[in-house]
Amino acid sequence: MHYWNREAECVDRGELRALQSYRLVKSVHHVYENVPAYKKKFDEIGLRPDHIKGIEDLHKIPFTNKTDFRDNYPFGMFACPMDQVVRVHASSGTTGKSTVVGYTRNDISTWAEMMARTLGAGGTTKGDVVQNAYGYGLFTGGLGAHYGAERIGASVVPISGGNTKRQIQIMQDFGSTVLCCTPSYAQFIGETARELGVDTSKLPIRAAFLGAEPWTESMRREIESSLNIDALDIYGLSEIMGPGVSYECLEKKGLHVNEDLFIAEIIDPETGEVLPPGEKGELVFTSLTKEALPLMRYRTRDITYMDETPCACGRTFKRMHRIMGRTDDMLIIRGVNVFPSQIETVLIETEGTEPHYMIVVDREGSMDSLEVWVEVSPNMVSDEVRALEGLERKISAELHSVLGINCKVKLVEPKTIARSEGKAKRIVDRRDLYQ
Ligand code: DLL
């Protein structure tokens, strides 16, 4: 059996509950005293920190939403002064403003621990060469996996994403044994290796830690056979820390939640009512040790259910099923979070187009494609082709700068996009990634 921290990961559940209660009470005081937005939320419903005596009182605490980040952009949700914040990351928000997150030195250390447990669960040790193809930058994937692998003492190759032929060359030359990247990128690396005539069964690569976007069991089978490895699912979100919030062990039967660090709940997204194990709903996290950005009952908008049955690996942390959907319309395209509202904002601000559009997402091989169809204004129709091409290019460049990914723009004639008679259906996602 592979563990990074057996004592923590196989903790007695009674002891775990006591630890969660103790840490929850501390965190409640921390947010109330240091984050005005939380003080306001608590005061509005007459909740005082001393009303929370343990985990049994968790349901009394109000939820935190992504909008709280937008309303307090950029650093307003932080619970400590900036001179204690040693790192910031960000992910896309629903509108132009991104969700900004911060870490103290201790937070970074906790995160490294989470990622060490994650990589350790797939058998990573200091003898491994970890090829880290998650993007480095504001995205949490790159540095998150990096610090975890370093904590273990493995040799990290911080190659970041892209340049696939080079990834394969490095894999061969450096003898990488572990790969970290998104599942679609792992699939693409497998395809490219095949095209290049590389015999992957001869490569020392043994395991991959894949996350940041939804994927399926059939994708797992395909990746495992094309690279001849174990492919494990890893989950996380920037607001809660980054990758490593939950992780699969080699049983591959759901993701163990780092419960000494976070409390996971499943709620009915309509009513906010807490649901029992086995029932599908929205995943909600409460952080227990975070200093810079402690969060109470943060609504992830990810849909899954909890499994509290024992796992053959011996870990006592409960498991979440792989992510089964979202309560909002966020798309993850080539690993990048995209909100349709970001696309809409660009279109509305562009002269020459009408507010009628369709977003079409597809996957060709392992590559996501994003197309935006938009109606031109009637007065543009008679314009010469060159003007229309210019408009397409302009929108496409603007979308690239806002979203950070390439997008094909297709101008269509006025009144060709079907008008809705109810809720507009503007997104067609042909990838079918949730199961
Ligand atoms: O994607 C953190 C991460 C990096 C996780 C590397 C795993 C590996 P964000 O950019 O803030 O953070 O996006 C978070 O991505 O709410 C989910 O909707 C989705 N997501 C993350 N991991 C998975 C997964 C990182 N394993 C959002 N399966 C989350 C399905 C995932 N969806």
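Good morning, everyone. Let's start in a loop: proline 74 is found between helix 4, residues 66-71, and strand 1, residues 87-91. Before I go on, please keep in mind that this is a predicted model. What kind of peptide bond joins tyrosine 73 and proline 74? A cis one, with omega at about -5 degrees.

While we're on the backbone, have a look at arginine 301 as well. Its phi is near 70 degrees, which is a positive value in a residue other than glycine. You'll find arginine 301 within strand 12, residues 298-304.

Now to the ligand. There are 23 residues around it, and those that come nearest are Ala212, Asp233, Ile234, Ser238 and Asp302. Which element gives the largest share of that shell? Strand 7 does, with 5 residues. Strand 7 spans 230-237, and both this strand and helix 6, at 140-152, supply at least two residues of the shell. If you sort the shell residues by class, you get 11 nonpolar, 7 polar and 5 charged.

Let me zoom in on some individual contacts. Isoleucine 234 has a backbone N or O atom 2.7 Å from a nitrogen atom of the ligand. Alanine 212 also uses its backbone: an N or O atom there lies 3.1 Å from a ligand nitrogen. With arginine 326 we turn to a side chain, where a polar atom sits 3.4 Å from an oxygen atom of the ligand. And how much of the ligand does the protein bury? Taken alone, the ligand exposes 610 Å², and 97% of that is buried by the protein.

Last stop, a pair of helices. Two packed helices are described by the angle and the distance between their axes. For helix 8, residues 183-195, and helix 9, residues 217-227, the axes come within 9 Å and cross at roughly 40 degrees. That crossing is left-handed. From helix 8, the residues in contact are Pro183, Ser184, Ala186, Gln187, Ile189, Gly190 and Arg194. They meet Met219, Glu222, Ile223, Ser226 and Leu227 of helix 9. By class, this contact between the two helices has 6 nonpolar, 4 polar and 2 charged residues.

Note on methods. Residues numbered from 1 in each chain as written. Predicted model: local features only at pLDDT ≥ 70, side-chain atom pairs only at ≥ 80, totals over all residues. Heavy atoms only, no water. Near = heavy atom within 4 Å. Polar contact = N/O pair within 3.5 Å; in protein donor to acceptor, adjacent residues only side chain to side chain. Areas by Shrake-Rupley, 256 points an atom, 1.4 Å probe, with all protein chains shown as cover. Helix = DSSP H or I, 4+ residues; strand = E, 2+ residues; numbered from the N terminus. Nonpolar A, V, L, I, M, F, W, Y, C, P; charged D, E, K, R; others polar. Axes fitted to C-alpha atoms, helices over the stretch in contact; angles between N-to-C directions. Left-handed = near helix turned anticlockwise from the far one by under 90°. Contact = heavy atoms within 4.5 Å.
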